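Subject: Structure for your review

Dear colleague,

My notes on its pockets and its cavity follow.

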Amino acid sequence: MGFFNFEFKPRMAVLLFCLALFLPAFCACTATPTQSVTPEETGNPPAAGTPLTFAFATDIHLYSPLLFDNGPLFGSMLYGADSKMTQYSAAIMEAFVADVIAQKPTALILGGDISFNGEQASHQLTAQLLAPLKAVGIPVLVIPGNHDINSLHPQRYEGNKVFATEGFTPEEFYDLYMPFGGADAIAFDEDTMSYFYPVAEDFYILMLDASIYKTTVEDDGTLCAATLLWVEECLKKAQAQGATVLSVTHQNLLQHTFAKSVYMVREADALLALFTQYGVQLNLSGHIHVQHILQQGGFTEIATQALSLYPCQYGWLEVDSERNITYMAKETPVAAWALATGNEDEKLLAFDETGERFFYVTAARKALEEIYFDPALTTEEKTQMADFIGLVNPLYFSGRLHTAHAELLQHPGLALWAANAQRYAFGNYMVNLMANPPLDACSIYIPAKK
């Protein structure tokens with residue numbers, strides 16, 4: 001990530017550009033996959049002990065290009081939001097699918113928030129982009145996230161106006177995505193879109209839908225008592241067979257952030273108790289958009305970075321014959337895909353530069369929104385503080401803050417945020433984030449339970 005060097009002056013022009021954007025708006029990892037077999041190649045799940053590989057992506061937030069025109073209102077939303085590369089989401093997804101097909105995993109797992117905000121057009125485009133996976137026999141296992149169903153604000157942008165557009169119902173979600181793989185599950189929960197999928201004779205995936213969308217839409221997740229009983233029945237079956245179970249949720253089961261999270265499953269403790277009882281060691285989640293790994297006792301949860309954030313990471317899992325699991329975060333090769341497909345968009349052909357700069361500018365701008373009109377801070381101090389956020393956020397969200405933590409401790413912006421931690425949310429956030437040397441959040445080895 002060449003743009004994120006620690007020479008301060010070369011970034012001044014970008015920060016001045018960021019200031020110019022803000023003021024008018026305010027005032028008006030690479031690995032060779034192991035050989036694996038897909039169920040579609042044999043008609044049945046592979047034999048026990050067969051090596052398996054999985055690709056896992058979450059928070060794709062695909063937004064159909066039919067719904068925006070790159071006009072001023074869309075641009076204002078884009079630069080004022082949370083650094084998602086919404087304008088390129090369809091291209092990112094297409095590049096991701098091509099990369100997955102090239103590696104031919106046992107299955108692709110999508111952990112929710114497939115769409116930007118539950119737009120029917122976005123879901124329909126996603127299904128079109130997933131079709132080549134089905135054609136080559138790679139099952140796609142999908143659960144919804146909090147942005148996928150009955151969204152309150154499915155919208156389209158046109159010029160200086162925003163209009164309502166068609167959303168997506170639970171029935172439509174089920175009908176669209178289940179044929180890609182979920183329909184082959186051996187058990188379905190009656191109260192949610194959760195299902196239990198056989199990957200091999202000794203390996204299952206528990207796809208847990210904890211999202212809230214039936215009568216209201218909320219950020220956290222929930223599992224009713226009946227669903228927890230259904231989960232236990234699935235785990236009993238797997239335990240009786242001596243099988244390994246991999247769990248998938250959209251919302252988190254462990255608290256990955258230093259502040260109390262509103263992005264967790266409310267019944268996480270009850271679910272974790274079942275996992276402990278039946279030997280489930282790993283859950284894949286997303287929702288917080290941050291690449292992070294957390295272990296509690298003998299349990300591991302990996303929150304994979306949102307595919308919609310640069311560098312558009314996804315998880316790659318290799319399961320050996322002994323059921324030891326290796327996880328690594330991989331970057332979607334968007335620029336290579338653009339070149340190979342003859343795409344002429346210069347921003348896609350130089351995607352690393354595009355993505356780095358976009359993340360930096362949007363993160364720095366969010367900082368400036370907090371401090372811009374503070375008379376106690378000089379322009380230079382505000383610039384240093386914004387620059388610090390612009391550097392830290394991309395590294396933190398991609399799970400790579402450990403690669404630059406020592407250098408960033410010397411950045412003048414950190415001391416300024418620390419001095420103003422009581423006055424600004426960003427200050428408290430940065431002080432806590434930088435307090436301890438972070439660990440590598442992009443890879444982990446999980447030995448099989450003996």
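The lining of the second largest pocket receives at least two residues from each of β13 (292-296), α15 and β17 (443-446). Of these contributions, the largest share is that of β13, which supplies four residues. Please bear in mind that the model is a predicted one.

The second largest pocket has a volume of about 540 Å³. Its lining consists of 23 residues, and H256, H292, I293, P438 and L439 are the closest to the pocket centre. By class, this lining comprises 11 nonpolar, 10 polar and two charged residues.

The elements giving two or more residues to its lining are β4 (155-158), α11 (351-371), α12 (379-397) and α15 (425-434). In total, 39 residues line the largest pocket, and those nearest its centre are D82, Y263, I288, H289 and F397. The lining divides into 17 nonpolar, 14 polar and eight charged residues.

Which residues line the largest cavity? They are M77, L78, A81, D82, K84, T86 and F116. Four residues of this lining are nonpolar, one is polar and two are charged. The space in the largest cavity amounts to about 30 Å³.

Yours sincerely,
A colleague

Conventions:
Residues numbered from 1 in each chain as written. Predicted model: local features only at pLDDT ≥ 70, side-chain atom pairs only at ≥ 80, totals over all residues. Heavy atoms only, no water. 1 Å grid on protein atoms, 1.4 Å probe; cavity = no way out; pocket = protein on both sides within 12 Å on 5 of 7 lines; lining within 4 Å. Points joined across faces, edges and corners; volume = space filled by probe spheres on them. Nonpolar A, V, L, I, M, F, W, Y, C, P; charged D, E, K, R; others polar.
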